[in-house]
Amino acid sequence: MNTKFTRFCLGALWGIFISQSLFAQTDSTQLWKVTGATSLGFSNVVLSNWAGGGDNSLSISALIDLKADRETSKSYWSNIFNFKFGVARVGNSDNLFKKTNDQLIIGTAYNYKFDDHWSLASGLELRSQVAPGYTFFIDADGKERRDQTISQLFAPAYLNTNLGITYKNKILTATLSPLSNKLTFVLNDSLSQAGAFGVDPGKKVRSEIGPNFNTKLEFSPIENIIFKSSLLLFTNYQRLGNIDVDWETLLVFKVNKFFDASFGTRLIYDDDILIKQDDGTSKIAVQYSQVLSINFGYKF
């Protein structure tokens, strides 16, 4: 893919964000609206002489979800920071902790309004993870050991930049971008050499140009229950019809000011990513995860 064109798109978008941030600072009639939530979840199961069988387990999870918005009569500027992380250990204390959740999303989007619902949109969104991911094996002594590193911070990471049209109402924001750039980063040398996550073997960055569709839905069907859903679709102009999918949902049940229960799912499909199967082969497959948790947290 043309590197000069990629740099031009990134430079143009950064220019838009910088100029609009300076404009926003001069408009003292509108203030930033900052919202967010933090939570910490913990689970511990201890069994002793348990006739029904089972294993001890210990799990910890954390969430930080922040959003800063600024709206004027002509524009809307939104910034997000989302971090989810969880680990669990099953069995005795000699067993290793394994990741159950690891997600980092940082994004910014500027919209120039045509009317109350439609606007011209530009955006940047970075998606990655924080901690390394491993495969595991059992050694000769029966202990579980780490084997190969299969992921880490910026291996992979995805930077999406886009220009398009946005429709927005009280519960829905949908953006269609005929021109968007998806950059895939694999900054781990061994994963790069193996051509992991769709990069060419030995390369650490892959650039794709194509249309992008991004939609976010959030509403409260009844009191103390919140439903959120986000869907990101992307296809490369060189391979139209091969659609990358990243779909998340979250259902939150608010118990009181400090406690809540949540159920979240995430579905990913990317035909550039090969998933290792139990028989040792690798193939394209749908990635799916779900997390049910009871959390202690604070929302503002």
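The largest nonpolar core consists of eight residues, A155, Y158, V186, L191, A196, F197, V199 and I273; a core is a set of buried Ala, Val, Leu, Ile, Met, Phe, Trp, Tyr and Cys residues joined through side-chain atoms within 4.5 Å, buried being under 20% relative accessible area, exposed over 50% and partly exposed in between (1.4 Å probe, protein chains only). A second, separate core has six residues, among them L124, L126, A157 and L183. The model is predicted, and local features need pLDDT of at least 70, side-chain atom pairs count only at pLDDT 80 or more, and totals for chains, interfaces and linings use all residues. Residues are numbered from 1 along each chain as its sequence is written, and side-chain values use heavy atoms, with hydrogens and water left out.

Leaving aside residues up to four places away in sequence, F197 touches I150, A155, P156, Y158, T184, V186, L191, D272 and I273 (contact: heavy atoms within 4.5 Å).

I165 lies in strand β8, residues 157–168 (strands are DSSP runs of E, at least two residues, numbered from the N terminus). I165 is partly exposed, at 35% relative accessible area.

Strands β1 (residues 33–45) and β2 (residues 57–71) run antiparallel and are joined by 13 bridges; strands pair if DSSP finds at least two bridges between them. A37 has D65 in β2 as its bridge partner. β2 is also antiparallel to β3 (residues 75–90), with 15 bridges joining them, and L58 stands opposite R89 in β3. Three residues separate β2 and β3 in a hairpin.

How values were computed:
Helices (H or I, at least four residues) and strands (E, at least two) are DSSP runs, numbered from the N terminus.
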